[in-house]
Amino acid sequence: MEFFHQNLSYFLSGISVGGQYALIAIGYTMVYGILRLINFAHGDVFMCAGLMMVYLSSTLPFTITIPLVLLLTVLLGFVIERVAYMPLRSAPRMSVMISAIGVSYLLQNAALYFTGGLAKVYPEIPFLSNSIVIWDATTRVVTIVTPFLTVVLVILLTLLIKHTKIGMAMRAVSRDFETSQLMGIKINRVISTTFMIGSLLASVASLLYFTNYASVTPTSGAMPGLKAFVAAVFGGIGSIPGAVIGAFIIGICENIIKGGASIFGIPGSGWTTFSDAFTFAFLIVILVVKPTGLFGEKAVDKV
Amino acid sequence: MFEIKNLFVNYGGIEAVRDISFSVEEGKIVTLIGANGAGKSTTLRTIAGLVKAKSGTIEFMGEKITGKDPASIVGKGITLVPEGRKIFPDLTVLENLKIGAYLRSDDISKDLEWVYSLFPRLKERSWQYGGTLSGGEQQMLAVGRALMSRPKMIMMDEPSLGLAPLIVRDIFSIIKEINKEGVTILLVEQNANMALQVADMAYVMETGRITLSGKGSELIDNEDIKKAYLGK
């Protein structure tokens with residue numbers, strides 16, 4: 001309890017960052033589930049959502065900017081899939097992956113062109129940016145809102161996948177393209193929907209994440225994107241609950257390390273530098289022990 | 001009702017189907033028999049729109065359907081029960097049936113009842129995952145799923161493959177029953193004996209060509225067929 005109280009603010013930001021990673025990680029894991037593609041551009045879509053917010057909010061009120069950013073990010077996800085992945089549908093998987101890396105650099109370079117390489121100050125979104133005090137730890141409202149919003153969105157997504165026609169089609173397509181087509185499912189439409197959902201969640205994550213970090217650079221998407229990807233692999237890529245749980249675990253662990261906790265006699269400040277390295281060391285350990293991740297797909301199917 | 005004219009299909013780098021022509025009359029059971037690799041499956045996959053024809057035409061209800069995508073073929077009333085059943089293992093039995101009716105927006109409860117009356121086992125197991133069913137049950141599910149689209153013509157690719165002889169007999173009696181209810185059937189089989197017994201019309205395929213055709217009852221007594229396919 002003492003440990004918990006001392007590190008409360010780190011727990012809080014861990015849960016918050018975890019929620020943001022979770023929202024990004026869902027995009028990775030859903031796209032992987034359906035296309036067996038690691039969408040390297042996903043973190044950059046997240047960054048672009050941040051930049052759109054910066055530019056649009058300078059001239060428009062938040063009531064218009066926020067829905068507009070969500071909409072434009074969804075559109076960006078859709079266009080990327082149509083232009084960079086759909087033409088390669090029957091190409092080897094490696095080609096599609098290289099196309100994804102290409103899109104990632106394209107988005108970063110475009111961002112560099114527009115920002116001139118300068119860090120752009122993220123607007124203060126009213127309410128989310130306000131400070132509050134919880135049990136003598138001071139934090140922003142966004143820290144508290146994030147985990148709840150994440151849970152609500154994950155529940156909505158789960159309902160969509162389990163109980164709607166498009167959700168059923170997504171599950172079918174992720175199993176078997178050809179048989180899905182024989183059912184009359186237009187697989188390109190289902191794949192587009194998947195990208196659009198992933199982009200929508202990434203754009204919500206960007207609102208929450210950048211409110212905490214205050215600035216956006218062309219490479220802002222790289223690290224959170226990578227962490228979210230690790231979370232997705234940790235949870236078992238392809239599994240949505242896995243990605244969410246993995247993201248929270250990584251967010252919390254990473255922040256506890258950054259925080260005051262003294263581990264092995266070395267004070268917390270000594271470990272901060274290694275918090276990113278920790279995430280990847282953690283991934284290696286998990287993959288050695290359980291190669292399919294926490295909720296990974298079974299390797300063999302009964303035919 | 002259904003007619004193929006001078007169809008050529010290249011598949012996997014070879015000329016899998018070479019100049020075949022045949023027709024299917026409404027309400028009949030028509031079978032394509034032949035050895036492995038004769039081009040039977042490729043023919044069905046081409047009709048279903050999964051494979052593009054090199055040349056030739058496919059006509060259904062007086063309309064040219066060559067080159068259409070699989071979804072529009074299903075929409076026109078032709079459904080394929082694929083080889084190896086290909087049910088969705090992590091969808092429930094009920095979901096597998098519902099997804100068969102994916103293109104329909106009208107009420108499907110009557111068709112669901114019909115499929116359940118044909119296959120009472122599926123009703124008992126409606127909540128189970130497709131992957132937990134036995135091979136025979138999966139084949140029933142695959143046929144039931146295809147029926148859910150309310151096809152005018154149903155194509156079946158090797159429905160007896162890998163099933164025990166008793167189950168095969170069940171499947172064939174179901175095929176006859178479905179046909180009695182007015183669904184036209186195009187059946188591809190390696191089990192020539194069973195197929196010829198139920199078929200009104202049969203075509204024999206060899207290395208991409210149709211080499212022989214006739215009524216099912218005639219071919220079953222044909223000496224060449226007996227030697228080549230019936231093991232007599």
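## Overall form of chain B

Chain B contains 10 helices and 10 strands, where helices (H or I, at least four residues) and strands (E, at least two) are DSSP runs numbered from the N terminus. The model is predicted: local features need pLDDT of at least 70 and side-chain atom pairs count only at pLDDT 80 or more, whereas totals for chains, interfaces and linings use all residues. Residues are numbered from 1 along each chain as its sequence is written, with chains lettered from A and ligands numbered from 1 in the order in which they are written.

Along the principal axes, the C-alpha atoms of chain B fill a box of roughly 45 × 40 × 30 Å. Of its 232 residues, 45% are buried; a residue is buried if 20 or more other C-beta atoms lie within 10 Å of its own, exposed if 12 or fewer, and partly exposed in between, with C-beta atoms placed from the backbone.

## Lys180 of chain B

Lys180(B) belongs to helix α7 (residues 165-180) of chain B. Because Lys180(B) has 9 C-beta neighbours inside 10 Å, it counts as exposed.

## Helix α5 of chain A

Helix α5 of chain A (residues 93-115) comprises 23 residues and spans 33 Å from first to last C-alpha, close to the 33 Å expected at 1.5 Å a residue; the expected span is 1.5 Å times one less than the number of residues. Among the buried residues of α5(A) are Val96(A), Ala100(A), Val103(A) and Leu107(A). Just after α5(A), Gly116(A) adopts a positive phi of about 65 degrees.
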